Amino acid sequence: MKLKMMYSFLKTDIDLIEKELEAAIESQSPLLQEASLQLLHAGGKRIRPVFVLLAAKFGDYDIHKIKNVAVALELIHMASLVHDDVIDDAEMRRGKPTVKSQWDNRIAMYTGDYMFARALEYMTVVENPNAHKILSDTMVEVCVGEIQQIKDKYRYDQNLRDYLRKIKRKTAILIAASCQLGAMASGAKENIHKALYRFGYNVGMSFQITDDILDFTATAEVLGKPAGSDLLQGNVTLPVLYGMKDKEVHDRVIKVHEETKEEAMNGVIQAIKSSNAIEQSHELSKRYLQKALSDLDELPNSRAKKTLRDIALYIGRRKF
């Protein structure tokens, strides 16, 4: 089953959120609005707004209130992507030119900042101070993660703990916040929104590990960017960490920037795929996925719970 079919019963609400996202990035500056629309129209799974909506189903569901939370979380995600592309000097995202490549780094950074500011504005409908504390703490962690990613570029002596901390900040914590804040905004009980936070965290960890695997196993057409691009940008991901335990792979990775990029990267990709690095990475992703499914056991049975389970299972087996 396709991902969108799993939550097709939310289509009307998701369409409303899509319209709100367009309204959210309206600006009196034509350049700022055009740059923001560039990223919005590049598409995306909108998985964070979906998690917000599903989590809100465990409380008093009011789309006119919940939509603001969903928009805020997606804007924060989009802002982090714009900033991430600047850090990685990325030319393509989702098969389309990035904001920084179409304009420049300065425009990209202010576009991201603008989205962050609009996200905070949308969250003002939520009167729970704890919700705002969670959101601000999440944004701090995302920013700290970006700084750490800069520091860790081309650092090949990283360990598993370094990697897990990085993907927590890069991906998992925002998905976790989406689940928790959706529930909090609908007035769900504390044990419910905390269980949803844990679910989102574990799903997010599994999601990012799978992303890092696909960077080596999927085609450039599927990825919307060159295969192995994370490593070319100096980002050491889980398959690389596991692969470098083999001396041949280790030596190839270290030299990847000394040779013709495409030839060197093809060699590294094949070396990593020939080792057991991909299998080990899949195994760790599955462990986080199982934790996420266990977290769902704490929630009352409902259509939303089943959909969260279906999405988690989809994430575990996705190919793009």
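The charged end of lysine 57 sits over the ring of tyrosine 61, 3.8 Å from its centre. The model is predicted: local features need pLDDT of at least 70, side-chain atom pairs count only at pLDDT 80 or more, and totals for chains, interfaces and linings use all residues. Residues are numbered from 1 along each chain as its sequence is written, and side-chain values use heavy atoms, with hydrogens and water left out.

**Exercise 1.** Find what lies over the face of phenylalanine 9.

*Solution.* Start with the criterion. A charge sits over a ring if NZ of Lys or CZ of Arg is within 6 Å of the ring centre and within 35 degrees of the ring normal. Arginine 303 lies over the face of phenylalanine 9, at 4.0 Å from the ring centre.

**Exercise 2.** Classify the aromatic pair of the structure.

*Solution.* Step one: count. The structure holds 1 aromatic pair (Phe, Tyr or Trp rings, the six-membered one for Trp, with centres within 6.5 Å; planes under 30 degrees apart are stacked, over 60 edge-to-face, the rest tilted). Step two: apply the geometry. The rings of phenylalanine 51 and phenylalanine 199 have centres 6.0 Å apart and planes at 85°, so the pair is edge-to-face. Phenylalanine 51 is in helix α4 (residues 47–56) and phenylalanine 199 in helix α10 (residues 190–217), so the pair ties together parts 148 residues apart in sequence. Helices here are DSSP runs of H or I, at least four residues; strands are runs of E, at least two; both are numbered from the N terminus.

**Exercise 3.** Describe the surroundings of phenylalanine 199.

*Solution.* Phenylalanine 51 and phenylalanine 199 are both buried (under 20% relative accessible area; exposed is over 50%, partly exposed in between; 1.4 Å probe, protein chains only). Beyond four places in sequence, phenylalanine 199 has contacts (heavy atoms within 4.5 Å) that include Cys179, Asp295 and Leu308. Now widen the view.

**Exercise 4.** Is histidine 250 buried or partly exposed?

*Solution.* Locate the residue: histidine 250 is in helix α14 (residues 247–255). Its relative accessible area is 31%, so histidine 250 is partly exposed. Valine 268 is 18 residues away in sequence and 9.1 Å away in space, C-alpha to C-alpha.
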